[in-house]
Amino acid sequence: MSFSSIVWTFEEIIVDVFVGNFVFFCIFLLSMRLMLNTSIQISRCKDILLAVLVSSYFKIFLIATMVWEFPPSVIFIIDLFVLSSNTVALKVITDSAMNRCIAACFCAQALKLLVTQGPARRSLRFQSIDCSFSLY
């Protein structure tokens, strides 16, 4: 593997993380505004984002997936733990109904997953097509 391919992979991962988190927070704040009917003031927004950040502590287990081999389903299980933890944090902070908190968190998590996993699956599909053409 050349140095330029390592740098390219690193850049791709960093952009993926930043875009995914940006989409998550934008959709999260929008869904809170629409589904929970909350006004988003700067001080309240800071409290909610801090609660979501702290409640995402399960993501620390993703480091273990880099050290030991786990099936890809472990990443989705960790995402479910983060989703449930974010839902509880949102319920505590906003004192809203649980189903509305689940909907707000689920929308944000689903769109983040769509934005971050969609291009990766598409590139894998195109790579497999390229490999199949090179075999002939």
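A crossing of two helices is left-handed if the near helix is turned anticlockwise from the far one by less than a right angle, and right-handed if clockwise. Keep that in mind for the first stops.

What you have open is a predicted model, where local features need pLDDT of at least 70, side-chain atom pairs count only at pLDDT 80 or more, and totals for chains, interfaces and linings use all residues. Residues are numbered from 1 along each chain as its sequence is written, and side-chain values use heavy atoms, with hydrogens and water left out.

**Whole chain.** Colour by secondary structure and you'll get five helices and zero strands, running α-α-α-α-α from the N terminus. Helices (H or I, at least four residues) and strands (E, at least two) are DSSP runs, numbered from the N terminus. Of the 136 residues, 25% count as buried; that means under 20% relative accessible area, while exposed is over 50% and partly exposed lies in between (1.4 Å probe, protein chains only).

**Select 3-35 and 42-55.** These are helix 1 and helix 2, packed at an angle of about 125° with their axes 12 Å apart. Axes are lines fitted to C-alpha atoms, for helices over the stretch in contact, and angles run from 0 to 180 degrees between N-to-C directions. The pair is therefore oblique, and the crossing is right-handed. For the cut-offs: under 35 degrees is roughly parallel, over 145 roughly antiparallel, 65 to 115 roughly perpendicular, and the rest oblique.

The new piece is helix 4. Its axis and that of helix 2 come within 8 Å and cross at roughly 150°. That makes helix 2 roughly antiparallel to helix 4, again with a right-handed crossing.

**Now F58.** Find F58 in the loop between helix 2 and helix 3. Buried or exposed? F58 is buried, at 18% relative accessible area.

**On to V67.** V67 lies in helix 3, residues 62-67, and is exposed, with a relative accessible area of 58%.

**Last stop, D95.** Select D95 in the loop between helix 4 and helix 5 (98-135). Most residues other than glycine have a negative phi. D95 has a positive one, near 55°. At 66% relative accessibility, D95 counts as exposed.
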